Each structure stands twice: as C-alpha cells, then as structure tokens.
Amino acid sequence: MDLTGEVCPMTFVKTKLALEGMAPGQVLRVILDFAEAVESVPRSARNEGHRVLGVVQTEDNQWTVLIRRG
Amino acid sequence: MDKKSSTRQQATPPERPARTFDEDQMQRYSRHIVLPEIGGIGQRSLLDGKVLIVGAGGLGSPLVLYLAAAGVGRLGIVDSDVVELSNLQRQVVHRTADVGRAKAEVAAEAARLLNPDVVAMPYAERLTSANALGVIAGYDVVVDASDNFPTRYLVNDACVLLGKPLVYGAVYRFDGQVSVFAPGQGCYRCLFPRPPEPGMIPSCAEGGVLGALPGVIGTIQAMEVLKILLGKGQTLAGRLLAFDGLSTEFRELSYVRDPDCPVCGDRPSVTEPIDYEAFCGLGAAATGR
Ligand SMILES: [Zn+2]
C-alpha cells in the first residue's frame, strides 16, 4: 500500500484499516515517505498485536514497512 | 483501496453506508479509528447504530452534537416544543434565529450540518402511549433527555416492554443524575416505582438549572450511548451516578432489578404503555390544561 504523501495520523489510520481487512497471518507492505511515521506506524501496529517483520529504507526519503496481521 | 467506486454509488442515500470508508470518512473518524478499542470495525458499528433521543433541550443538545459528530448513522429526535428565548441559556444546539422553530427540526438540521453521514429523523410530536412503541421499536438505544415525569415513565416502560437499553439523565438546579437501564438489570421504576403526585414537585419553569449542567450530564449520556454501540467498557448499568454541581462531586449508588418492580419485575402490573398526567404545574397551565 502506497502511503507516500500521507502524514500522521492518516498513515496509521490507513494501515490499520488495511490490516483489519486482511486475514491473520497475511502480510501488508506499506510504503511511507513521512519520516515520523516510520517509527510511529510500526509502534502502533505492534501495540495492536501485529508483527512488524521489517523496516527498509528504499530511497533517500522513502521506507517500506512489512507488517504481518496478528 | 477502491475509493472511486464508493463515491460513485451515492445515487440513493444508502440505509447502511458502503462497507469501506471514503477518504473524508477516514479523516473525519481518524481519532476513533486509531483507538485500539474502536478501529474501523467499531466506527462501522457507530455508523450502523440507530439512537433515539427523547428531548432536544438541555440534555438533548450535547447528545445530538456528540452522537452526530461520532458518526452514529441514524438519529431520531423527539420533541414537540418550539425553541424559546429562555431555552438558549443551556440548549446549545439551538440558536437565537431558531426561536419559534420546532426543536426536533432544528436539532436534526444541526446533526446533518455537522456530519452528512448522519440520517437525522425529527419527530416534532409528543411521545404518547399510542406512538411510543412504534417509534422506539426502530432504534437500538434510547436516550431519556426529557424534562418531565410523564415522558420519563412512558419511555422507561416502553423500553422495558421492547427490551431496549435506555440511557437516563436528569438535571435540576445544580444537580444531575445519569444511569443506564439495561434489559434485565433494573429500570427507572426499580428506583422510583411510581410517578410523584401532581403538585409534589416544583414546576419546570420554577426549577431553574445552571446552564452548563445539562452539558455535563448529556455528555456523560453520549459517552454511555457510544460504549453501548461499541460494546466496550463498563456502562452505568446497575449504577446511578449523581453529580453535585455546586461542590463538583460525583456519587454512585448501586442498584439491582427489583423483582417487585411494576414494569420489569417478576409479576409486572404495567404491561402496556400508559399516559400519565402532566405534572409540571406551570407548563401545564401555559399550554392551557
Ligand atoms: Zn424495574
């Protein structure tokens, strides 16, 4: 899911809604370019029982976060 | 995410909104959605919720505004009065320019203006034994935001008969009360079995009420409605919360269903809605009774 251009809290709002629509065990790939969200989205996802598989910087100002639905 | 398709399907206002959230809804409800207890699933419960607010006055004002803002999808608003200048000191859903208009209509309009997701249904009529069951049957949760005993007992009895949760609130001078009468866990009559005799209570107009007090109590009622729709937390079922506004103190009284209650007891004497005499002396005189 491409969330470039989105800032907090919409980054997590959209991540959370996408996770709710998935089956447990499925993996969501989120692309972010808002630096704060690179910390906050994984933290919030963990708080809600999901598993953060990894955070990778793909470009100067772009990150990919992989979250497994809990 | 197919946002386009959800905006295209709005030819007829849907009874239930589309299952996905559009961009505006994601923003509007973002502070709900991020809460672990709510999320998109809880917000959907609110949008699917149907709440009847009996009274569009001091208590009804914050209820209408907060429930509409929260995205409760269907709000019924019952009030037979028109807005008077003397209401505006506490009934914050109405404005000076609304004086003379039906309160139910003004409140429904305010709800729609605040949130276009809300279908607001005004009932500019009095709740009576003839219409109470029919009106209430269409809702999930009922709120007593009325200011008179005949309506209070009628709403209580109708909710017990229909098995609907009732969120009760009342204000007087500096004091307020609020509780939730959940089916099987006691009702207003378990606490106050019969209406007081006419003349035993000061009339509404003589009573007086500090302007912000109904805001406190009505807002607690709105909290309880949202928790019931979400199925989260502990409601005030079995607890009567009393607020002393002069000293700013809350007290709590626990209660249980009374097996001898005339309406929710084991052998009820009230088995259908009853109209009680109007008790509010001055109000009754003013309407020519
Ligand atoms: Zn009872």
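**Terms and their grounds**

Mentor: Let us begin with a cysteine: B:Cys190 is buried, with a relative accessible area of 14%. The model is predicted, so local features need pLDDT of at least 70 and side-chain atom pairs pLDDT 80 or more, while totals for chains, interfaces and linings use all residues. Residues are numbered from 1 along each chain, chains are lettered from A in the order in which they are written, and side-chain values use heavy atoms, without hydrogens and water.

Trainee: Why is B:Cys190 called buried?

Mentor: Buried means under 20% relative accessible area, exposed over 50%, and partly exposed in between (1.4 Å probe, protein chains only). B:Cys190 has 14%, and therefore counts as buried.

Trainee: What makes B:Cys159 buried?

Mentor: Its relative accessibility is 2%, which is under 20%, so B:Cys159 is buried.

Trainee: Why is A:Leu53 called partly exposed?

Mentor: A:Leu53 has 37% relative accessibility, between 20% and 50%, and is therefore partly exposed. A:Leu53 lies in strand S2 (residues 51–59) of chain A, a strand being a DSSP run of E with at least two residues, numbered from the N terminus.

Conventions: Helix = DSSP H or I, 4+ residues; strand = E, 2+ residues; numbered from the N terminus.
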